[in-house]
Amino acid sequence: MKKIFYLFLAAAVALPLAGASLNEVNALIKAKKWADAEKSCRVLISETKGEQVKYIAYMKLMMVMRRLNKNAELIKDADIFLADCKNDLHAANLLIYRGIGERHIGKRAEAFKSFELAIDKAKDGSAAREAAYYCIDVASSLRKYAEADAIYQRAAKFKGADSDARLHIAAAYNAICLKKYDDALAMLDKVDAIEKKTVVHAESSLRYRGNILAAQKKYEEAISSYDKALALKLDAYYEGRLLWNKAKALETVGKKSEALEIYKKCAEYKDNVFFKRDSQNAVKRLSAK
């Protein structure tokens, strides 16, 4: 949500009349005093008449409520502002937060609608790409693969789309689910071409390439792709996913002793439950042979 934060942070600088209250909120957020920040945001919202300042206060409140994991309250707060919001871009950013709140409480169908509406409101640019990323992600989780693909085809024409790694990665996952491997690879090529992509994006690209190769039964090439991703040395969550995929490929090509050692490592993760149970079962299965 950094992109959204920067959108209203820039506007805050140009609003000296609300400077003291905004400064107070910013200080509380910086100090991670989330409960106090929530109270200050609500005071600022209640005392402010101008829509621009109120929008900034609401956006800060949305961020704070996410930190507090108060998603149901976040949705209600977003709806209060949206009821009187006359600025489409403001509405788009609030809808993105509402969708995130809905997704976190399991209302994925509602979240999809919020993100889709946010795209319509934002029309183009960073807010539209942000909404499209979340919309594709939720649609894929709902197995609405065709809808997700249609959203990506639209979003690919937005301003700055070529440099938005998350958008292409989300769409690549969806294309893999549709078994449109050539389309997925083209999307991953766009990710790889981005000069300032994060290490996480690079990992996702390599992992998805490995998954495509494995689906095409090119297991040795898939293992090589997973190894390249593992060389990026990300945390246990990412390492666990990669090791699991590598172990499956090794087991498929008959390298069961190597696969067993990797399954053992995955089964011992304390802070990462990703495939932990399946890894434990794999250890039992291969150890019994």
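Keep in mind that the model is predicted. Its largest nonpolar core has 69 residues, its largest pocket holds about 1200 Å³ of space, and a search of the whole structure turns up seven aromatic pairs.

**The nonpolar cores**

- Start with the core of 69 residues: Met 62, Leu 94 and Phe 115 are the members that touch the most other members.
- Phe 115 is a handy one to click on. Setting aside neighbours within four places in sequence, Phe 115 is in contact with Ile 96, Gly 99, Ile 100, Ala 131, Tyr 134, Cys 135 and Val 138.
- There's another core apart from the largest one, and this one has 24 residues, including Ile 223, Tyr 226, Tyr 263 and Ala 282.

**The largest pocket**

- How much space lies in the largest pocket? About 1200 Å³.
- A total of 44 residues line the largest pocket, and the ones nearest its centre are Ile 169, Ser 204, Arg 207, Tyr 208 and Arg 241.
- Several helices give two or more residues to that lining: helix 1 (2-13), helix 8 (125-141), helix 10 (165-177), helix 12 (199-215), helix 13 (219-230) and helix 14 (236-252).
- Sorted by class, the lining has 21 nonpolar residues, 14 charged ones and nine polar ones.

**The aromatic pairs**

- To describe a pair of aromatic rings, you give the distance of the centres and the angle of the planes.
- Among the seven pairs found in the whole structure is Tyr 58 with Phe 81: their ring centres are 4.8 Å apart and their planes sit at 55 degrees, so this pair is tilted.
- Tyr 58 is in helix 4 (residues 51-67) and Phe 81 is in helix 5 (residues 71-84), so the pair, 23 residues apart, links distant parts of the chain.
- Are Tyr 58 and Phe 81 buried or exposed? Tyr 58 counts as buried because its relative accessibility is 7%, and Phe 81 counts as buried because its value is 6%; the cut-off for buried is under 20%.
- Phe 115 turns up again here, this time paired with Tyr 134: the centres are 5.3 Å apart with 20 degrees between the planes, and the pair is stacked.
- That pair links distant parts of the chain too, with Phe 115 in helix 7 (residues 108-122) and Tyr 134 in helix 8, 19 residues apart.
- Both Phe 115 and Tyr 134 are buried.
- Finally, Tyr 55, Tyr 58 and Phe 81 form one aromatic cluster.

Methods
Residues numbered from 1 in each chain as written. Predicted model: local features only at pLDDT ≥ 70, side-chain atom pairs only at ≥ 80, totals over all residues. Heavy atoms only, no water. Core = buried A, V, L, I, M, F, W, Y, C linked by side-chain atoms within 4.5 Å. Buried < 20%, exposed > 50% of the residue type's maximum accessible area, 1.4 Å probe, protein only. Contact = heavy atoms within 4.5 Å. 1 Å grid on protein atoms, 1.4 Å probe; cavity = no way out; pocket = protein on both sides within 12 Å on 5 of 7 lines; lining within 4 Å. Points joined across faces, edges and corners; volume = space filled by probe spheres on them. Helix = DSSP H or I, 4+ residues; strand = E, 2+ residues; numbered from the N terminus. Nonpolar A, V, L, I, M, F, W, Y, C, P; charged D, E, K, R; others polar. Phe/Tyr/Trp six-rings, centres within 6.5 Å; stacked < 30°, edge-to-face > 60°.
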